[in-house]
Every structure is written in C-alpha cells, then in structure tokens.
Amino acid sequence: MTTTDVIAPNPLRAGLRMQRTAPPCVLVIFGASGDLTKRKLMPAIFALAQMQRLAPTFHVIGVASSDWDSESFRNNMKAAIKEFSIPDDAGSSDAAWESFAARVQYLSGKFDDPELFQKLASTLKAVPGTAGNVLFYLAVPPSAIGTVAEQLGRAGLTESSPQGWTRIIVEKPFGRDLQSARALNRELHQFFKEEQIFRIDHYLGKETVRNVVVFRFANGIFEPIWNRRYIDHVQITVAESIGIEARGKYYEEAGLLRDMVQNHLMQVLSVVAMEAPVRFEGPPVRDEKVKLITSIRQLLPAGASNYDSVAVRGQYGPGFSNGESVVGYRQEANVAPDSPRETFVALKLMIENWRWAGVPFYLRSGKRLPKRVSEVAIRFKSPPFLMFQDVFPESIEANVLVIRIQPDEGISLRFEAKVPGTDMRLRPVKMDFQYGTSFGEQQPEAYETLLLDAMLGDSMLFARYDMVEAAWALTTPLLEAWEAKPPRDFPNYAAGTWGPEAADEFIRRDGREWRRP
C-alpha cells in the first residue's frame, strides 16, 4: 500500500475522543461540611481541575450550617483531598491546591433562613467570569431538599439568566416509596423545570456501566443475539463484604431494597435491557430506559401478598469476614435487637416486551457477603448436545458473558474448547478484557464523570422523574407487603456467606443457580 492509500485515523474510532471541558460556572454545594463533600465531591472537582476540564474562572461556594469561614473550609477540603483523592500524586501538591483554593469560598447558615439565600445571591453576583452559569448541588438529607429548593426559588435563584443556565443536582434517595417520590418531584417542579434537574446515581458514572451501551450497540456481533432467542437468563449482582458500618439509623429506616435495588440495580438493568435509542443523547436514551422499566411485569397481581416466588429477603447474623469475626446486623450500633430490616434482597423480574419475553432477570444484592463485586452475567442458551453425546458423555456448559462493574472492571466471555490430545475432551475457557491492562489509563471516578456531565448539560446518566417513579411503582408494593408481614427467621444468613438458603432455593426452582463470582 502506498502512502497515498493511508487514511487519517478518525479520533472517535481510535478512542481519542476530544476532551470535554466544562463552560465557565460556579458550583454551589449545600451540605458542604458533610461526608459526601469531603469524600467524593471536592476530590472529584479538584481532579477535574487538574485534568484541565474546568474553566479557569470556575468557582466553588460551600454552604452549610457548620460555623466555618472560607479559610477553615479550604483547610478542611485540602485535608480531605489529600486523604481521599485517587491516586494521591503530584496533582495534589500544595502549589496546585493553592491555585484552586483561590476560587473556593464558604457561607454559613441555616437552610430555612432566607437571609442565607440573599447572601448567596449577592455572592453569586460578585463572582467573576461565570457567564451566569450556576450549578447547585444538594448534598443534604432528603428532608432538606424541598426546603432548599423553595428558598432558592424565593431568592430568585432558580431561573436561568438570558446568557447562562441554572441547574440543580439532587442526591439519592429520591423518596422512600412511590408516594414520597411523587411528592418530592412536585416540590422540585414548583421551582425548577425538569431539564434543570439532575438526579444523580453514582452507579451510572462507573466506566463499565457506561460501556454497556457501547458494548451492545457499537459491536455488530452482540446486538443480534441480545434477546430471548439466544439468552437463557441474566443475573445482576451487587455484593458488598462490609456491613452497614456507621449507618445503623439510616438502614433501620431504609433497608437494602430502598438503598440499592430500587435505584442502582434498576438503573443497571435498564441499560442492559433497553432498546436501541435513536441517538446517543440524553433524552432518547432516557426514553428507552423508562420504557424498559415500565414494561417489567408487576411482581404480583393486585391484592396478592405472597412474594416468595419472585422475591427473597435476608438479614446477616454473626460470622466471619476476611478471616475476622464480625457481629450480626442486630448487634450493630443504632439497630433494634429484633429489627426486621433486610440486608439482602433477591428478585426475579420478567420483562414483557418482544425482545425479552420469557427471559428471567435475577437481581441480588447484600451486605456481609464473601466479597465486594458488582457484575452483570448473561447466560446464553445451551447448544443441542446431539453431535457430542456419544464421544463426550458430560454436559456442555453454556456460554456466559460477564460484565464486571467493580472491582477489576472488564468483560469476559466463557466458551467451550477442545483440550489438546487424542481424546475428545472439552473444557470451558475464557477470553478476558480488562480496562486497566488494555488502556493503561486511570479510570475517572464516577463523580468526576457525573459532575462534568451536569456542567455540560448532558443528562444521559441522570434519572428522569418518570424513571424514578416507575422504579418505585414496581418496588413499593413489595416494600408494603414486607412491612405488613415481618420475617420470622431473621437473621437467616451468616456474615461471610452468599445469603440465605431461601435465595438458592428460589433460583433452583427455575432449574438455575446463582453465579459465584
């Protein structure tokens, strides 16, 4: 081939997508003295600044009730960034921080105090170089969301300026059932338009979850078999080896179904199973996700109360984790000694559309399981065994495609191969792709991706109001049934095991087994 035949590489095809840079703006963090700001938000913002993804005039205003001034806020955030940034390298040097800290300030006050918001309005007007762009981040308890939104509205801070934009990020949980989620959406919609609201779920910022869409729709060999003809079932697992840590009060109110399944697992399910959007943009992608969730069959018909065939709950008791003895859930701080709250959930969901009719989706999540792992496992239907039954008496294992979300992010495919030799022996082997070794780049933290997307106005990875309500419509009847009928066998699995025996029996009834990641 001559030099004239060489085609210039397309940056998109080469994986060299142009770096996205946020427009000038100011980020206002309500709840700036809290744990989320310290552990996630400020390290993510500082990382974006070091990657030159933020405008030189980008500003941060922290707002909280703690009796701090701007200097003490900067000192606290500097310590937090050194402790929680990954990796802690030259980007966290004192010189880099001083340059960034010059654009960080703090306001102290109560969220129900109108004077605080008047002071905030004056501060925003005085911040230079933001082009009128403001992003509010509500890192506050759910009970404070409506209060902050109302005060912003009364202070005239919710309307976008003619030359700029105003957006708000709301942290989960988005309500605790269908009724409260609808009420929360009504509160927000009184003061913000839906296109201004970004409901954040950090799971959707994980690199592997985002790659599912690309994996499915950018590869011609997978999408044609991504349906009921070829797939036997799908398992989505989010397992944690830790307990509830210091979140006893929260967990006594929430439980695992609210904490993990209704949001994280439903979001992952929607990405795995949705139809192809017309464009790789926020509105069409979110349209397809909502259509998918609303097509899931009700767990049980109206009036039914026995969910044993479609749902299992569990609670961990004392056991061993990483070789150390650990207490059970009921022995954790701020937990009732007879608590009925679940720390494990398994669900069987059926999607009633043309693509997935008859294919079960098994979801499970739990605390104090043997290891920390999140994955999607697609098990394909087994091939006919006829041609091998005389020479290979054992059954042939089905092909399994595993998308690992965390840790060791990557994708593996298991298939059958002949063992070298004169005999006909088959053995499953794996083709494995790992992000770290394939690209050799540090993956961005989920909050880095999501914060940048919000500044750019890209809503693809954020939950829309109808998606939130559809997920609650599916899970609220189960929550109500569990509340009405407390479990009699809790705790029903030991810490360090893969959950209650009832969960194994639950999937065995369908002739299937849970994967052991």
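Which residues is F136 in contact with, leaving aside its neighbours within four places in sequence? The first legend gives the list.

**Figure 1. F136 and its contacts in the predicted model.** Leaving aside neighbours within four places in sequence, F136 is in contact with V28, F30, L120, L124, L152, L157, T166, R167, I168 and I169. Contact means heavy atoms within 4.5 Å. This is a predicted model, in which local features need pLDDT of at least 70 and side-chain atom pairs count only at pLDDT 80 or more, while totals for chains, interfaces and linings use all residues. Residues are numbered from 1 along each chain as its sequence is written, and side-chain values use heavy atoms, with hydrogens and water left out.

**Figure 2. The largest nonpolar core, with 153 residues.** A nonpolar core is a set of buried Ala, Val, Leu, Ile, Met, Phe, Trp, Tyr and Cys residues joined through side-chain atoms within 4.5 Å. Buried means under 20% relative accessible area, exposed over 50%, and partly exposed in between (1.4 Å probe, protein chains only). F30 and F136 touch the most other members of this core. Helix α9 (residues 256-273) contributes the largest share, 11 residues. In the protein chain, 52% of the 517 residues are buried.

**Figure 3. Helix α2, residues 70-84.** Helices (H or I, at least four residues) and strands (E, at least two) are DSSP runs, numbered from the N terminus; the protein chain has 14 helices and 18 strands. The expected span of a helix is 1.5 Å times one less than its number of residues. For the 15 residues of α2 this gives 21 Å, and the end C-alpha atoms are 21 Å apart, which agrees. The buried residues of α2 are S70, F73, M77, A80, I81 and F84. They cover an arc of only 100 degrees around the axis, so they lie on the same side of α2. The arc is that of the directions from the helix axis to the C-beta atoms. An α-helix has 3.6 residues a turn, so residues three or four places apart point the same way. The cover over the buried residues of α2 includes α1 (35-50), β2 (59-64), α3 (94-101) and β3 (104-108).

Figure 4. Not counting residues up to four places away in sequence, S374 touches Y203, T237, V238, I403, R404, I405 and Q406.
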